[in-house]
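Try each task before reading on.

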Amino acid sequence: MKETDRSYRWQPELRRRSGSPEETADVARELLPLLNAGESLALIGPLGAGKTTFVRALMHALGYIRPVRSPSFTLVHRYPTDPPVVHVDLYRLKDAAELTALNLEEEAEGALLIVEWGERFSDAWGPPDRRLTITPLPGQDDHPAAQPGGNDTGEFERLIVLERRLGG
Ligand SMILES: Nc1ncnc2c1ncn2[C@@H]1O[C@H](COP(=O)(O)OP(=O)(O)OP(=O)(O)O)[C@@H](O)[C@H]1O
Ligand SMILES: [Mg+2]
């Protein structure tokens, strides 16, 4: 078994605030040049943090004009962009055996692999080359306007941090 995520060291590469999905898309465009074919990116953050929103923007920045949906049920989407992108969501995965069945290593060969809930089973699929952590800033998601029936503009402040794995 490989070592766990915790045993790696991470170097911050970029740190941004995003006040809206559009600003998250700006961040995606900004860091696209850092992401390479054959590498992997773990997306970390709670439900609704904006992980899929980020990937959607990245795909659009790569010229993909068709809808980009969350792979939360389908688990793996592959896009024929340059570089190709394999977009995975591990939230609903029950165990490492299910991960093995996805055959990610082969599936993602030559592609940029992006994994939502990438901290899950990272000793089975990782370690990723980079990780992007999206953190809703305090008080943002329990704001009264965010409740059902509230006057929700749907735009909340996020902290977005990109880190690169050192060595190992
Ligand atoms: N600053 C922001 N950046 C990104 N999304 C935001 C921001 N503010 C509000 N949102 C909203 O938050 C939601 C994020 O949903 P998204 O599906 O991208 O989250 P997720 O992290 O992929 O969730 P899940 O863990 O369920 O896959 C969207 O409705 C989006 O419009
Ligand atoms: Mg998602």
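**Exercise 1.** Which residue in strand 5 does Ser-40 stand opposite?

*Solution.* Ser-40 stands opposite Leu-113 in strand 5. A note on the source: this is a predicted model, where local features need pLDDT of at least 70, side-chain atom pairs count only at pLDDT 80 or more, and totals for chains, interfaces and linings use all residues. Residues are numbered from 1 along each chain as its sequence is written, while chains are lettered from A and ligands numbered from 1 in the order in which they are written.

**Exercise 2.** List the elements of the chain from the N terminus on.

*Solution.* Start with the terms: helices (H or I, at least four residues) and strands (E, at least two) are DSSP runs, numbered from the N terminus. The chain has 5 helices and 7 strands. They run β-α-β-α-β-β-α-α-β-α-β-β.

**Exercise 3.** In what order do the strands lie in the sheet, and which stand at the edges?

*Solution.* Two strands pair if DSSP finds at least two bridges between them. The 7 strands form an open sheet in the order 1-7-6-2-5-4-3, with mixed pairing. Strand 1 (9-18) and strand 3 stand at the edges; each has a single partner strand, so one side of each lacks a neighbour in the sheet.

**Exercise 4.** Why is helix 2 largely enclosed, and what covers its buried residues?

*Solution.* Count first: 8 of the 11 residues of helix 2 are buried, so the helix is largely enclosed by the rest of the structure. Among them are Lys-51, Phe-54 and Leu-58. The cover includes helix 1, strand 2, strand 3 (76-79), strand 4, strand 5 and strand 6. Zoom in on Phe-54. Leaving aside neighbours within four places in sequence, Phe-54 is in contact (C-beta atoms, placed from the backbone, within 7 Å) with Thr-24, Ala-28, Leu-43 and Ile-134. Just after helix 2, Gly-63 takes a positive phi of about 90°.

**Exercise 5.** Which residues are closest to ligand 1?

*Solution.* The closest are Thr-24, Gly-50, Lys-51, Thr-52 and Thr-53, among 23 residues that surround ligand 1. A residue is near a molecule if its C-beta atom, placed from the backbone, lies within 6 Å of it. Helix 1 (21-31) and helix 2 (51-61) are the elements that give two or more residues to this shell. By class, the shell has 5 nonpolar, 12 polar and 6 charged residues. Nonpolar covers Ala, Val, Leu, Ile, Met, Phe, Trp, Tyr, Cys and Pro; charged covers Asp, Glu, Lys and Arg; the others, Gly among them, count as polar.

Technical notes:
Two residues are in contact if their C-beta atoms, placed from the backbone, lie within 7 Å. A residue is buried if 20 or more other C-beta atoms lie within 10 Å of its own, exposed if 12 or fewer, and partly exposed in between; C-beta atoms are placed from the backbone.
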